[in-house]
Structure formats: C-alpha cells, structure tokens
Amino acid sequence: MNEHNVIEIKDLSVDFMTVRGIVYAVQGVDLSVKEGEIHGVVGESGCGKSVSTKSIMRLHDEKHTRYSGQILFKNGEGKEVDVLSLSEKQMQTIQGKDIAMIFQDPMTSLDPIMKAGEQIAELVRKKLKMKKSEAKEYVLTLFEKVGILPAEQRYEQYPFEMSGGMLQRVMIAMALSCKPRLLIADEPTTALDVTIQAQILKLIKELAAENNTSVIFITHNLGVVAEICDSISVMYAGRICETGSVLDIFDNAAHPYTRALLNSNPKEADTGKYMATIPGAPPLLYNKFTHCPFAERCDKCMDKCRKEFPTLKTIRAGHEASCFLSDGGEKNG
Ligand SMILES: Nc1ncnc2c1ncn2[C@@H]1O[C@H](COP(=O)(O)OP(=O)(O)OP(=O)(O)O)[C@@H](O)[C@H]1O
Ligand code: NI
C-alpha cells in the first residue's frame, strides 16, 4: 500500500444474489484516496457509487452478497488491513471510529427516540472510552464547532425537533466525533436547500482539513465536486471509467461518458438535479461486460468498442480513462 494512501480498493467486485438472478453491481473497481484528500465519486443513478463505497464499511447483507478483490485500509494505528477479510468483531472496531459514513437521510444514522446529543455521547463513550460527564462536555464542544447552537439547548432535543439542515449537522458531528481516518459522504446535501447545502459542504471541508480526515464524496452534482474535491472518479456500469484531479476531469476529460456528464450537468452550482440528459440509460447489471458498457450510448463508438473491453489506461500521472480513443498511453498496473 502506498504510504500516502488511507485506502486502496483493488479490483473490487460486488455481486448480489437476488430472486431475479445475480446483479453484478460493482465489476472490478480500483480506487485510492490519499491522506487528507477529498475524492469525489460521480455518475448517473445505478452506476454503483453507493454499493462500492458501502462495501468499505461492509454494510451489505452478507447472506446475499459476494465480494471479491481487496479493500486495503490504514487503520488508526497506521496498520494496514484488508477490510474484506476482517471478522465481524474486528469490523465493528473500525466502523464509526476509523471509518464513518454520512447519508442523504440523517435518520438512517439517528435513533428517533433518543436525544441527538446523547446519541453522540453514547458513541464516544463506547468508541473513545470517555466517561459520561466527559462525553457530554465533548459533545457540547462538537456542537459549537459544527454550529448546532445553542449547544446546551440543542443537546436536549430529539431529532424530530430539528430541521433538516440541523440534523445533517448532527450527523456530521457524529461521524467526525471519533476523528475518523476516512469519511464517506453519500449525497449528504441533496435533500437540503441551496444555502444550507453550501454551508454543510464548507463545514465538511473545514473539519476534514482540521483532522486530516480523507473524504469520499458521492454526488450527482458536478458543481459540488468542483467546489470541494481534490480528485474525482467517474463511475459507469459498476466500474470506474475515468479518474483524475479536478482539473484533469473538468478541463481534459478523456472519456466520452465524462464529457457527456459535463455537458449534461447544469452549470449553476445549485441543482441537486439529476444528470438525466444523456440520451439512453445506463445498462442493467445482470451481466459482466465483455465490451465497452458505454458503447451503445457513445457518439464516438468504434467497432472495437462493441467487441473488446477497454481497461483503465494512464493518460498522464494520476489521470486514467478506460476508452480505446485514449489508448497509446502506457498500460496501467
Ligand atoms: N441490495 C441490492 N440487491 C440487488 N441489487 C442492488 C442492491 N443494491 C443495489 N443494487 C443494484 O446495484 C446497482 C448499483 O446501485 P448503487 O446504489 O450503487 O447506484 P448509485 O450509483 O449509488 O445510484 P444513485 O445515484 O441512484 O444512488 C444498481 O443497479 C442497483 O439496482
Ligand atoms: Ni447511491
């Protein structure tokens, strides 16, 4: 594992056994994130953004899920582990402490019948072994830091007594309470209005920088990506089709899918609108692809694209794309 990386996902595949057959939701994803970096994951609905990132926390029902590949993670002690080979118990020590996650709907993480402040206090008592009074003090400080004010009064509130933006702050406070090495944020601001969205994004960025926490930020909104991310992976049909710095992607996109996304996405940083204007739809994932999965929708499609699978190729250091059009660069890995 590269010494600067917090996580290295290698050739990850995730299959779901369903009544309709096997869904190959993730089909060989490679993704690494450096310490302190904010990495955006974009792509249309159903491309595998959530399935691949939830796998990092092993959140899928393992009775019906088959993983392959590796998810190497540098834990709090700086020790390298493969998340996929950890026992359930070992996994629990990482979840919420070394790796935390925030979702679009705060109620996925919060208990509706417990005071918000107490939920975080309970978490830090368990994970950071704090005493009761110490935990409350700590949560109040956190509340002040993330703008849950007045902290003392908010501490006593139940989730239903708070607004959406406030709940999102509670979730951020909870996720960052144990100073995780990695924060996974899956569309955390889509449900909020634009002004609040901007505040929450700024908050995530500041707190991540302060704790040197790496972030994987999943979104439909390229405006958001440009605003807060350092680097980006574009997903299509269960794979990453292009990855690079924000500049690589916004100014030198190599994959026709990335270019289509950029063209389809409204320029205003507001939106929350879905990238639905590329003609056609992403394929269902009942098969593994043996040719380019984007071929059917691609305006640059060649004969080869319908017959062979394009692997990710390096275009220049840190910028890779899986398209025969950008062949000629050196082969990656
Ligand atoms: N538990 C499951 N069982 C079967 N198929 C699933 C399951 N979860 C997700 N899928 C399928 O896996 C594919 C990838 O889904 P995923 O949720 O990762 O998409 P996404 O990129 O996060 O989309 P969105 O932007 O809508 O959140 C989809 O085809 C989805 O239907
Ligand atoms: Ni998703």
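Colleague: How do you know what span to expect of helix α6, residues 164–176?

Modeller: This is a predicted model, and the span is judged within it. The rule takes 1.5 Å times one less than the number of residues. Helix α6 has 13 residues and covers 18 Å between its first and last C-alpha atoms, close to the 18 Å expected.

Colleague: Why is A175 called buried?

Modeller: The term requires 20 or more other C-beta atoms within 10 Å. A175 has 25 within that distance and is therefore buried. This residue belongs to helix α6.

Colleague: Which residues does A175 touch, leaving aside those up to four places away in sequence?

Modeller: A175 touches A100, M101, I102, P180 and L183.

Colleague: K179 lies in the loop between α6 and β7. Why is K179 called partly exposed?

Modeller: Partly exposed residues fall between the limits of 12 or fewer for exposed and 20 or more for buried. K179 has 16 C-beta neighbours inside 10 Å, so it counts as partly exposed.

Colleague: What is the phi of K179?

Modeller: The phi of K179 is positive, about 45°, although the residue is not a glycine. A237 also has a positive phi, near 50°, and is likewise a residue other than glycine.

Colleague: Where is A237 found, and how do you know whether it is buried or exposed?

Modeller: A237 is placed in the loop between β9 and β10. Its count is 24 other C-beta atoms within 10 Å, and it is therefore buried, since the threshold is 20 or more.

Colleague: What makes α1 mostly covered?

Modeller: Buried residues account for 6 of the 8 in α1, namely K49, V51, S52, T53, S55 and I56. After α1 comes R58, with a positive phi near 55°.

Colleague: Why is V51 called buried?

Modeller: V51, a residue of helix α1, has 22 C-beta neighbours inside 10 Å and so counts as buried, the requirement being 20 or more. Beyond four places in sequence, V51 touches V14, A25 and V26.

Colleague: What covers the buried residues of helix α10?

Modeller: The buried residues of α10 (256–264) are P256, Y257, T258, A260 and L261. Their cover includes β3 (38–42), α8 (222–228), β9 (231–236), β10 (239–245) and α9 (246–252).

Colleague: What kind of peptide bond joins L149 and P150?

Modeller: The bond is cis, with omega about -10°. P150 is situated in the loop between α4 and α5 (151–155).

Colleague: How do you know what radius of gyration a compact globule of 333 residues would have?

Modeller: The rule is 2.2 Å times the number of residues to the power 0.38. For 333 residues this gives a value near 20 Å, and the chain has 20 Å, so the two agree. Along the principal axes, the C-alpha atoms fill a box of roughly 65 × 45 × 40 Å.

Colleague: How many helices and strands are in the chain, and what percentage of its residues count as buried?

Modeller: The chain contains 10 helices and 12 strands, and 42% of its 333 residues count as buried. Of the contacts between residues at least 6 apart in sequence, 62% join residues at least 24 apart.

Colleague: Which feature does UniProt place at residues 7–262?

Modeller: An unreviewed UniProt entry records "domain: ABC transporter" there. In the model, this span is 39% helix and 28% strand, with its end C-alpha atoms 27 Å apart.

Notes. Residues numbered from 1 in each chain as written. Chains lettered and ligands numbered in written order. Predicted model: local features only at pLDDT ≥ 70, side-chain atom pairs only at ≥ 80, totals over all residues. Helix = DSSP H or I, 4+ residues; strand = E, 2+ residues; numbered from the N terminus. UniProt positions renumbered as here; feature names shortened; annotations may be inferred. Contact = placed C-beta atoms within 7 Å.
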